[in-house]
Amino acid sequence: MRAEPAAGASWRALAAIISSIGVYGLTGGLGFPLISLNLEARGVGASLIGLNAAMLAIAMLLLSPLVPRMIAGFGFRRLVLVALAVEAGCFLALPLSDSLPFWMLVRALMGASA
């Protein structure tokens, strides 16, 4: 027999999921092209721009096997909230430096939080 969640709990869960998708969509949809255009305007070559963009996917691939253990250790809600905060912080950190290695690290952190 399964216990059904209270109606308010299901709406809160749905709101959390939609909010998470919204934050990721905003940072991804705005950030990916803006970062690439910014790097191109600074004279960074296409290969390095591609490598910078790939840092996000590489971090996702490397971290994804650890997610179930992270959820078990931290709890789903806490993990999602921390990931959203890291994602937002990374997006806000980009203007702090023009260093390409810094931007690659930030993109990797964005991928890890995604």
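Read along the sequence, the protein follows the pattern α-α-α-α-α, and it contains five helices and zero strands. Helices (H or I, at least four residues) and strands (E, at least two) are DSSP runs, numbered from the N terminus. This is a predicted model, in which local features need pLDDT of at least 70 and side-chain atom pairs count only at pLDDT 80 or more, while totals for chains, interfaces and linings use all residues. Residues are numbered from 1 along each chain as its sequence is written, and side-chain values use heavy atoms, with hydrogens and water left out.

**Overall form.** Of the 114 residues, 23% count as buried, that is, under 20% relative accessible area, with exposed meaning over 50% and partly exposed in between (1.4 Å probe, protein chains only).

**The core.** The largest nonpolar core has 12 residues, among them Ile-35, Leu-56, Trp-103 and Met-110. Such a core is a set of buried Ala, Val, Leu, Ile, Met, Phe, Trp, Tyr and Cys residues joined through side-chain atoms within 4.5 Å.

Leaving aside neighbours within four places in sequence, Leu-56 is in contact (heavy atoms within 4.5 Å) with Tyr-24, Phe-32, Arg-107, Met-110 and Gly-111. Arg-42 lies over the face of the core residue Trp-103, at 4.8 Å from the ring centre; this assignment requires NZ of Lys or CZ of Arg within 6 Å of the ring centre and within 35 degrees of the ring normal.

**Ser-113.** Ser-113 is placed in helix H5 and is buried, with a relative accessible area of 15%. Leaving aside neighbours within four places in sequence, Ser-113 is in contact with Ala-83, Val-86 and Glu-87. Its side chain also makes a polar contact with the side chain of Glu-87 (2.6 Å); a polar contact is a pair of N or O atoms within 3.5 Å, where, within protein, one must be able to donate a hydrogen and the other to accept it, and residues adjacent in sequence count only if both atoms are side-chain atoms.

**Helix H3.** Of the eight residues of helix H3 (residues 67-74), the number buried is zero, so this helix lies largely in the open. Gly-75, whose phi is positive, near 90°, follows H3.
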